[in-house]
Amino acid sequence: MEKSKLPIAAVIARPELDVGGALAFGHYTHEKNPVTTRAALTTIEIIEDEDLVENAAKVGGFALARLYDMKSKHALIGDVRGLGFPLGIELVTSRTSKAPAKDAAEAVMYRALDKGLSFKTTFGNVLTLTPPLTVSEAEMARALDIIDESIAGVAAEKP
């Protein structure tokens, strides 16, 4: 049995770009669903009421600073980047060649998973962290401890 799906979509544009505001382009799965519209509006209200954007900026800034510190001690880290909570840790075989360290990234991911931290890799060598907006600084610190330990362990295994 297939589960019911309640999709939602939105288009946001500056007024001068809204060339179809008064036109009906047809009916689509994602439009005019009152249940998903209410859920989306409530989600936005919660994000505003609980200052989750501010939390993402604060904890994300903390995380990025910590990632730069990790970069200074791990040669495997070629670059770190982030904005709020989307964070990336690019692993390379050499900072000079910037060759992707795909095997190392996979090994770090599985070491971290064994320690209770789950994340994905992008392009095979970028550890991609996308925590929930509600994550605390202490939770982020623990996640970064796990990544730090995992990178150190993988680097120590290299021949």
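## A patch of negative charge

On the surface, E48, D49, E50, D51 and E54 gather in a patch of negative charge. Such a patch is made of residues with over 30% relative accessible area and no salt bridge, with like charges joined within 9 Å. Asp and Glu count as negative, Lys and Arg as positive; His and the chain ends are not counted. A charge is placed at CG of Asp, CD of Glu, NZ of Lys or CZ of Arg. Accessible areas come from the Shrake-Rupley method with a 1.4 Å probe, and only the protein chains shown count as cover.

This is a predicted model: local features need pLDDT of at least 70, side-chain atom pairs count only at pLDDT 80 or more, and totals for chains, interfaces and linings use all residues. Residues are numbered from 1 along each chain as its sequence is written, and side-chain values use heavy atoms, leaving out hydrogens and water.

Helix 1 covers residues 34–49. Helices are DSSP runs of H or I, at least four residues long, numbered from the N terminus. The expected span is 1.5 Å times one less than the number of residues.

D51 is found in the loop between helix 1 and helix 2 (52–73). Its phi is positive, near 50°. D51 is partly exposed, at a relative accessible area of 43%. Buried means under 20%, exposed over 50%, and partly exposed in between.

## A bridge between helices

The structure holds 10 salt bridges. Each one puts a side-chain nitrogen of Lys or Arg within 4 Å of a carboxyl oxygen of Asp or Glu. One of them joins R66 and D148, at 3.9 Å from N to O. R66 lies in helix 2 and D148 in helix 4 (residues 137–157), so the pair ties together parts that are 82 residues apart in sequence.

Are these two residues buried or exposed? R66 is buried, with a relative accessible area of 19%. D148 is buried too, at 11%.

## R81 and its partners

R81 forms a salt bridge with D79, their closest N and O atoms 2.9 Å apart. R81 also meets E90 in a salt bridge, at 3.3 Å from N to O. R81 is partly exposed, with a relative accessible area of 35%. D79 is partly exposed at 27%, and E90 is partly exposed at 21%.

Elsewhere, salt bridges that share partners join R66, K73, D145 and D148 into one network.

Conventions: Helix = DSSP H or I, 4+ residues; strand = E, 2+ residues; numbered from the N terminus. Patch = residues over 30% accessible without salt bridge, like charges linked within 9 Å, V, L, I, M, F, W, Y side chains within 5 Å. Buried < 20%, exposed > 50% of the residue type's maximum accessible area, 1.4 Å probe, protein only.
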